[in-house]
Amino acid sequence: MSLGKQLHPHLPFLRRYSRALTGSQQHGDAYVRATLEAIVAAPDDFPSDVDPRLGLYRLFHALWTNTHLEDGEMDTSDADGRRAVAHARLSRMTPLPRQALLLTAMEGFSHQETAYLMDISPSDITMLVDEAMKQIEEQTRADVLIIEDEPIIAMDIEMIVRDMGHDVT
């Protein structure tokens with residue numbers, strides 16, 4: 001089977017990932033396009049010793065870390081409130097933890113595969129994913145004021161709110 005046919009089913013997922021990573025479909029597509037152009041320019045350089053999906057993402061990451069394409073703004077044309085909030089929170093995360101989290105949680109790569117893609121050790125991936133989750137948790141933590149005249153209900157609500165990671169004032 002040709003390399004193009006092997007890569008074809010993975011392109012929508014790479015586009016989804018690149019959009020989440022860059023914050024805009026247009027900017028993400030520029031990196032996907034550059035990845036495909038690099039494959040067409042030098043097909044023999046494409047890693048043949050790994051799954052085509054891994055090779056595709058590995059080449060994408062090499063371009064992502066070594067190439068600066070024109071920055072784009074976050075595409076909010078189709079973003080509802082929740083999607084806009086998610087994009088805003090992802091954009092506030094530092095790059096390496098964001099990449100590790102997106103590759104493992106959204107794209108379903110194992111820590112070993114993600115380590116291969118990012119060219120770092122699997123233990124570093126675990127640390128980066130933990131850091132990403134910590135950053136998300138810090139962004140979503142809130143101070144909550146509970147107004148309830150029934151003390152038992154107020155204590156129950158307080159326990160629920162604290163269990164969710166929020167502070168009760």
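Arginine 162 and glutamate 158 both sit in helix 9 (residues 151-163), four residues apart, about one turn of the helix. Helices (H or I, at least four residues) and strands (E, at least two) are DSSP runs numbered from the N terminus. The two residues form a salt bridge whose closest N and O atoms are 3.0 Å apart; the term denotes a side-chain nitrogen of Lys or Arg within 4 Å of a carboxyl oxygen of Asp or Glu. Arginine 162 is partly exposed at 41% relative accessibility, and glutamate 158 is partly exposed at 28%. Buried means under 20% relative accessible area, exposed over 50%, partly exposed in between (1.4 Å probe, protein chains only).

## Basis of the model

This is a predicted model: local features need pLDDT of at least 70, side-chain atom pairs count only at pLDDT 80 or more, and totals for chains, interfaces and linings use all residues. Residues are numbered from 1 along each chain as its sequence is written, and side-chain values use heavy atoms, with hydrogens and water left out.

## Network at glutamate 107

Arg16, Arg53 and Glu107 are linked in a network of salt bridges. Arginine 16 pairs with glutamate 107 at 3.1 Å between the closest N and O atoms. Arginine 16 lies in helix 2 (residues 11-22) and glutamate 107 in the loop between helix 6 (95-106) and helix 7 (111-118), so the pair ties together parts 91 residues apart in sequence.

For arginine 53 and glutamate 107, the closest N and O atoms are 3.8 Å apart. Arginine 53 belongs to helix 4 (residues 52-66), and this pair is 54 residues apart. Both arginine 53 and glutamate 107 are buried.
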